[in-house]
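Good morning, colleagues. Please turn to the sequence and the model, which I shall now put on display.

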Amino acid sequence: MRFLISAAVVAACLFAGWRTFEWSDSVGPPRDAGFVRREMPPLTVEVMRPVVRTLSDRVELIGSLEAAASIDVRAMTPGYITKITREVGDTVKAGEVLLELDDTAAASGVVAAESEVTVAEKELEAERARVRFAALEVARAESLAATGVSTAQQLEEAESELALAEAAEAVAEARVASAKANLEHAHGMLEQVTIRAPFGGLVASRDADPGDLATTDRSLLSLIAIETVRTVVAIGERDYAKVTVGNRAELQVDSYPDRVFEGVVVRVAPLIDAQTRTAQVEIDVANPRGVLKPGMTTRVVLTLGERAEATAVPVASVMEEAGRSTLMVVDGDPPAAEVREVVTGVSDGGFVEIVKGLFAGDRVVTLGNHVAADGDEVVPVEVADASAAIRAAAEAGGRGVATP
C-alpha cells in the first residue's frame, strides 16, 4: 500500500512539472524572436619566431652512487684480535694499521727459523773446510805421484774425497738457502698479524671486536675510497651509439637539491642486455670534500653531443600525439592557427630542434597551443623569446656546477 502511495506522489509531481513548463513556454517570448547568440572573441596566443642556437643532446637517467674502491678487510692468517685501531667513519691512509692479531705463534716461528738458518750456515762452514782439506790432499797426492812415491790409486782416492766434499758443500748451501726462505716466510707470517689499509679512505663498517677469532673468510672491517664516486646508469639502445668515453654528465642528489655535480663517462659496456635493451655506462664524479656518499640516488643528465646552428623552438610548443610531433603556427589574414606536423631532432630539455616542417619566418605558438584548435582565428602576441615559464624550462640545464 505504501509503495502505491509513493508512486502516485511521484506521478503527480511529474505531471505538475510538465504543466508548468508548458505554461511558461506559452507565455514567454518566441524562441527565435530577437535572441542573438554572442560570439566568443578570438583567443590571444603568444608566438615567437624560430631561433638558431647550439643545442646539447641530453638524456635523463637514474642511477645510484658507488665508491670508486671498496673492500672487505680480512685476515690472511687466523688469529685472535688483540687491537682495533680505527672506528666507523675514521679516515685512514694507505699502509696505516687497522687491526692487530696475537703474534705469539708467528714470533715463535721467526725465532725457530732464525735458529735453522744459524745451524745451516755452521754446517756449510764445516763442509767448506772439508773441501779445502780434500783439495790439499789431492795436491799432495799429485806431488807424490809425480816423484813416484805414491800410487795412482792413492791419487784417485784423494780426488774422490774432494768430489764428495764438494757435493756435501753444495747440499749445505741448499740447506742455508732453504732455511733463509723459511725465515723470510716466518717474517711474512709475523707481518700478517698486523693488518694495514691497502689504500686511503674511510672505514665504512666494523664487524669484529678485540678477542674475536679472525679467520680468512670473515670480514673484519670494510673500507671505501670516495674522493671519486661512481654511478652506473642504463642507457637505452636508441642512444647507445651516441655515448662515448669522455661525455659530460650533470648529477643531482636529494640531499643537495640545489646543487649540480659534474661527472664524466669513464666506461661504456660493450654489450646490450637482451632483456632490458639497455647497456651500462659508468660515470665518475670528483668528490674531494666527500659530500657525496655511496648509496645516494642520482638523477643524471648525460650530454651525448652538441648540434651547432640548430633551428629550435621551446619544447612546450611541440605537441606529441599518437607518435606524431606537431606544433601550431599562426598565418593568414585574419590570423588563424594552423597545426603542422614536424620532425624533431636534438633537445636540451628547454629547446628542441625542428629538422623538418618549419620555416625561418613562421610564427610558432608557445602559449595557447593546447587551447586553440586548427583553423581558429587568434590574436597573436609576438615575443622576442619564450615566456618566463618556457625560459625557466629552457634554462634548466644552465645552472652553475657545484664543487662536491
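Predicted model: local features only at pLDDT ≥ 70, side-chain atom pairs only at ≥ 80, totals over all residues.

Which are the buried residues of α3? They are L155, A158, L162, A165, A168, E169, A172, V176, A179, L183 and A186, where buried means under 20% relative accessible area with a 1.4 Å probe, protein chains only.

Residues are numbered from 1 along each chain as its sequence is written, and side-chain values use heavy atoms, leaving out hydrogens and water.

Helices here are DSSP runs of H or I with at least four residues, strands are runs of E with at least two, and both are numbered from the N terminus. Helix α3 comprises the 41 residues 152–192; at 1.5 Å a residue these should span 60 Å, and the end C-alpha atoms are 61 Å apart, which agrees. The expected span is 1.5 Å times one less than the number of residues.

What covers the buried residues of α3 includes α2, residues 104–147. Within helix α2 we find V131, which counts as buried because its relative accessibility is 12%. V131 touches L162, A165, E166 and E169, setting aside residues up to four places away in sequence; contact means heavy atoms within 4.5 Å.

Let us turn to a strand. T298 lies in β13, residues 297–314, and counts as buried at 1% relative accessibility. Beyond its neighbours within four places in sequence, T298 is in contact with several residues, including L61, T231 and V253.

Key. Buried < 20%, exposed > 50% of the residue type's maximum accessible area, 1.4 Å probe, protein only.
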